[in-house]
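Look over the sequence and the model first, then read on.

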Amino acid sequence: MSIYRVSTNTSNDNGVFHLRNREYSMDKVQAQISTGKKYRLPRENPVDVTQAMTFHSKIYKTDQLLSNINDLQSERNLAENKMSSMIEMLHRARELAIQGANGTYTADDRRDMAIEINELLKNTILDANSKYKDSFIFSGYKKFTKPFEAIEGAVKGVNNAMITEVKYMGDNGDRLREIDFNEYASSTKPGSEVYWADQFQIYSKVSTADFRLDKDSTVMIDNVKIGLNAGDNIYAIVDKINKAPTAVKASLDVVTGAMVLKSTVPHKIELSDIEGGELFQNLGILERGRPTGPDNYSQDAQVFGGSIFDVFIGLRDALLQNNMEDSGGRFLGSIENAITGVTFQLANTGALDNRLQYLSKRLDEDKYTYTENLSKIEDVDMAEALTDLSTLDFAHKAALSSLSKITKTTLMDFLR
């Protein structure tokens, strides 16, 4: 037989202990009702809290991806409008080029055509320098740099200054945004690609006979690094350039043996000697002392392939000089190339827009699923919580009543 010692305070202490536990339970349920959440602290249910944190992270990431997609679509829509406008201006320039090659028109007529071409040129430059928010949309990575700079000068056939050259001040970078988990898409192609009419070609005049690298070197072509090793001859260098993931191919001139670089899609090639290398400078492709930077080609090298602006300028000048052959010849061909290139860019933009719409819909569905699962884990059932609180409240009041009756009787009551 077990013997328990019951003192005067035993019933009181036990009653108070159970009251405190019930008050804690009531406070917990009250907090659940107030916050709408099951748990206040991770230790209350580490497994559920960990899962809830995972879903919170996924929902936050999904919201960010949806924001990126919406922003990307807005910027691409602006770029698409500018490219559509450019195609219209190119079509008009083609009509004027065909008319300018027609012998029925006079020199004065061609002068009027040239004035219209000049206005098309100005409008194209304005579109090419468009901004989305605070960033230029066609400047590549240099989003705060105005991509195209117009230079004015004297033009034969007119008394006032006109645009004689348009320089591209951006680079060949694609600004990327994350549109899915670890998947990226570019907002727009750089202006060196969108506004280029012909294939870009660079012909060096330096013979490569017996050429061999005396140290490890690194070159950069259109933001792609290409590592070269000491002892590489010109054939190994050409092979490494051609295997690099760029739209540029290298070859050797069969007559002079000099290096030739050509773009495989119309764009302005960006070249650099980096990390102390001097390959392109030694080969006469880049100007000595200018291993990086825009338009750093050697003055001795021959550079072919112009921008849409060059085509407008050349066509305008040909019309001003009453040159029917150039109007209907090389400039008309360059306009056709430009229309093909811009149409290709528009097609790519449309294809990506369709994909972005699909991704946006799928991410919305994913977010709904994550939110639903999160609600099951951390959201409190209000009806159940209110029932629990009512039950605890009733039990608490009953306990208080019984405890008050017990504590009225003490040992002194039996010693009277």
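## A buried leucine

A residue counts as buried when its relative accessible area is under 20%. Leu 356 has a relative accessible area of 0%, so Leu 356 is buried. Keep in mind that this is a predicted model.

Where does Leu 356 sit? Its place is in helix α9. Leaving aside residues up to four places away in sequence, Leu 356 touches Ile 69, Leu 72, Gln 73, Arg 76 and Ile 179. Take Leu 72 from that list. Leu 72 and Leu 356 are 284 residues apart in sequence. In space, their C-alpha atoms are 8.8 Å apart.

## The chain as a whole

The protein chain holds 10 helices and 13 strands. It has 416 residues, and 42% of them are buried.

The chain exposes about 22,700 Å². Carbon and sulfur atoms supply 51% of that area.

## Aromatic pairs

Aromatic rings pair when their centres lie within 6.5 Å. By this rule there are 9 aromatic pairs. One of them joins Phe 55 and Tyr 370. The pair is tilted, with 6.3 Å from centre to centre and 40° between the planes. It links distant parts of the chain: Phe 55 belongs to helix α2 (residues 46-100) and Tyr 370 to helix α9 (residues 330-378), 315 residues apart. Tyr 370 counts as buried because its relative accessibility is 16%.

Another pair is formed by Tyr 203 and Phe 304. This one is edge-to-face, at 5.7 Å centre to centre, with 85° between the planes. Tyr 203 lies in strand β7 (residues 201-203) and Phe 304 in strand β13 (residues 302-304), so the pair ties together parts that are 101 residues apart in sequence. Phe 304 has a relative accessible area of 40%, so Phe 304 is partly exposed. Ring pairs also build a cluster from Phe 138, Phe 148, Tyr 168, Tyr 195 and Phe 309.

## The largest pocket

The largest pocket has a volume of about 530 Å³. Its lining counts 21 residues. Which of them are closest to the centre? They are Trp 196, Gly 305, Gly 306, Ser 307 and Asp 310.

Three elements, β4 (162-168), α7 (308-320) and α9, each supply at least two residues of this lining. The largest share comes from β4, with 4 residues. By class, the lining of the largest pocket has 10 nonpolar, 4 polar and 7 charged residues.

## The second largest pocket

The second largest pocket holds about 280 Å³ of space. A set of 17 residues lines it. Nearest its centre lie Asn 172, Asp 174, Lys 189, Glu 193 and Asp 222.

What classes make up the lining of this second largest pocket? It has 7 nonpolar, 6 polar and 4 charged residues.

Notes:
Residues numbered from 1 in each chain as written. Predicted model: local features only at pLDDT ≥ 70, side-chain atom pairs only at ≥ 80, totals over all residues. Heavy atoms only, no water. Phe/Tyr/Trp six-rings, centres within 6.5 Å; stacked < 30°, edge-to-face > 60°. Buried < 20%, exposed > 50% of the residue type's maximum accessible area, 1.4 Å probe, protein only. 1 Å grid on protein atoms, 1.4 Å probe; cavity = no way out; pocket = protein on both sides within 12 Å on 5 of 7 lines; lining within 4 Å. Points joined across faces, edges and corners; volume = space filled by probe spheres on them. Nonpolar A, V, L, I, M, F, W, Y, C, P; charged D, E, K, R; others polar. Areas by Shrake-Rupley, 256 points an atom, 1.4 Å probe, with all protein chains shown as cover. Contact = heavy atoms within 4.5 Å.
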